[in-house]
Amino acid sequence: MVMDITSRALAYCRPGFEKDLAAELSLRCGKAGIVSQPRFTPGGGFVLHEIDAPEDEVKRHLHFDKLVFARQLVWAKAWLADLPEKDRLTPILAAIARLPGRFGRVWAETADTNDAKTLSSFLKRFMPHLERALAEGRRLVDNKPELPTLHLFFIDSSKLWIGTSEPADSSPWPMGLARLRMPREAPSRSTLKLADAFMSLLTEDERKSALRAGLRVVDLGAAPGGWTWQFANRGLLVTAVDNGPMADSVLQTGLVEHVRADGFVWKPKKPVEWMVCDMVEQPSRVAQLVADWIAAGRCRRSIFNLKLPMKKRHEELERARNLIYKRMSISDREWVLRFKHLYHDREEITGYLAAVK
């Protein structure tokens with residue numbers, strides 16, 4: 001197939017998920033009638049999606065928050081290779097000079113691979129020189145977060161893509177990674193998955209209204225309490241449902257009731273604000289459970305994990321999505337559904353389903 005490449009989307013992902021991200025990008029372009037071709041190396045940590053349509057047109061159909069496997073979405077503008085070791089700055093500045101407008105921030109980024117991590121010391125030395133030159137040329141403006149972000153995506157120290165993103169349609173973190181510290185009091189590292197979900201899947205207004213002290217939560221498959229701890233630490237009241245033991249540090253908060261029961265059978269006597277679920281089970285079964293809780297009015301919001309099979313991740317995601325759509329379409333509730341493969345997810349994705357009225 002011969003394509004007239006008029007725009008390129010550069011999307012980052014967890015290494016090993018390039019095929020899933022490529023399928024997602026191709027599906028969204030295909031539904032819009034746009035011809036495109038993904039290019040990637042397995043394990044490379046990114047996909048370059050070449051598109052036979054102007055960038056402005058593609059942007060109407062390709063949005064970061066609708067992409068599940070993308071950590072970041074950048075519109076690639078220039079490719080530089082064979083940068084001279086003694087003066088990388090001059091050709092990079094020349095390429096940036098051909099881009100219109102000014103920028104609110106500049107990020108040096110790499111794929112999230114072991115090989116790319118070796119570039120960290122080089123980038124720490126190089127970037128202050130670039131930032132200084134851009135500021136002096138009035139291309140980089142402080143305290144203007146609404147301006148586009150300039151991305152330098154280094155393949156190695158001599159090759160990089162230069163691109164841009166709009167703050168409203170991209171990740172707010174360099175490399176698309178919300179880096180979180182493990183709380184000392186939390187009983188398991190799974191707590192970071194829920195903290196990541198709060199930051200990545202909820203808006204600021206949703207966090208303010210839905211994570212208020214005193215609201216009630218049901219945590220299905222709660223043991224040992226990593227997700228429960230996130231809520232209790234914010235002052236929410238949690239019913240932790242699991243036949244397994246809960247960590248003493250969680251129970252000692254005084255905000256947690258432990259119910260030994262099967263999470264697929266137990267139901268609350270009264271509606272609650274949240275139901276969260278991190279049970280190891282078939283994705284379709286978890287998706288159906290979550291949709292049933294929201295549709296029946298047992299809870300208003302849910303965050304849940306879907307454990308995906310390695311060979312059919314994208315297909316299983318679409319199956320789960322369709323199950324939720326089918327169940328919610330026959331309810332009388334308006335709702336919102338979001339999915340993301342978060343930094344602290346591995347062979348799983350995290351979903352957020354909520355009734356908006």
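The legends below describe close-up views of a predicted model. Residues are numbered from 1 along each chain as its sequence is written, and side-chain values use heavy atoms, with hydrogens and water left out. Because the model is predicted, local features need pLDDT of at least 70 and side-chain atom pairs count only at pLDDT 80 or more, whereas totals for chains, interfaces and linings use all residues.

**View 1. Helix α10 beside helix α11.** Helix α10 covers residues 283-296 and helix α11 covers residues 313-329, and their axes come within 9 Å and cross at roughly 25°. This angle makes α10 roughly parallel to α11, a term used for angles under 35 degrees. Helices here are DSSP runs of H or I with at least four residues, and strands are runs of E with at least two, numbered from the N terminus. The axes are lines fitted to C-alpha atoms over the stretch in contact, and angles run from 0 to 180 degrees between N-to-C directions. On the α10 side, the residues that meet α11 include P283, A287, A291 and I294, and among those they meet in α11 are A320, L323 and M328. The residues of this contact (heavy atoms within 4.5 Å) divide into ten nonpolar, two polar and four charged.

**View 2. Strand β1 and its two partners.** Five of the six residues of strand β1 (residues 7-12) are buried, so the strand is largely enclosed by the rest of the structure; buried means under 20% relative accessible area, with a 1.4 Å probe and protein chains only. Strand β1 pairs with strand β3 (residues 46-51) in the antiparallel sense over six bridges, where pairing requires that DSSP finds at least two bridges between the strands. Within this pairing, V47 of β3 is the bridge partner of A11. Strand β1 also pairs with strand β4 (residues 72-80), again in the antiparallel sense, over four bridges, and Y12 stands opposite Q72 of β4.

**View 3. M182 in a loop.** M182 lies in the loop between β7 (159-165) and α6 (191-201). With a relative accessible area of 31%, M182 is partly exposed, the class between under 20% for buried and over 50% for exposed. Leaving aside neighbours within four places in sequence, M182 is in contact with S188, R189, T191 and L192. The C-alpha atoms of M182 and L192, which are ten residues apart along the chain, are separated by 6.8 Å.

**View 4. R234 in a loop.** R234 is found in the loop between α8 (226-232) and β9 (237-241), and it counts as partly exposed at 32% relative accessibility. Leaving aside neighbours within four places in sequence, R234 is in contact with F198, L211 and A213.

Note on methods:
Angles under 35 degrees count as roughly parallel, over 145 as roughly antiparallel, 65 to 115 as roughly perpendicular and the rest as oblique. Ala, Val, Leu, Ile, Met, Phe, Trp, Tyr, Cys and Pro count as nonpolar, Asp, Glu, Lys and Arg as charged, and the others, Gly among them, as polar.
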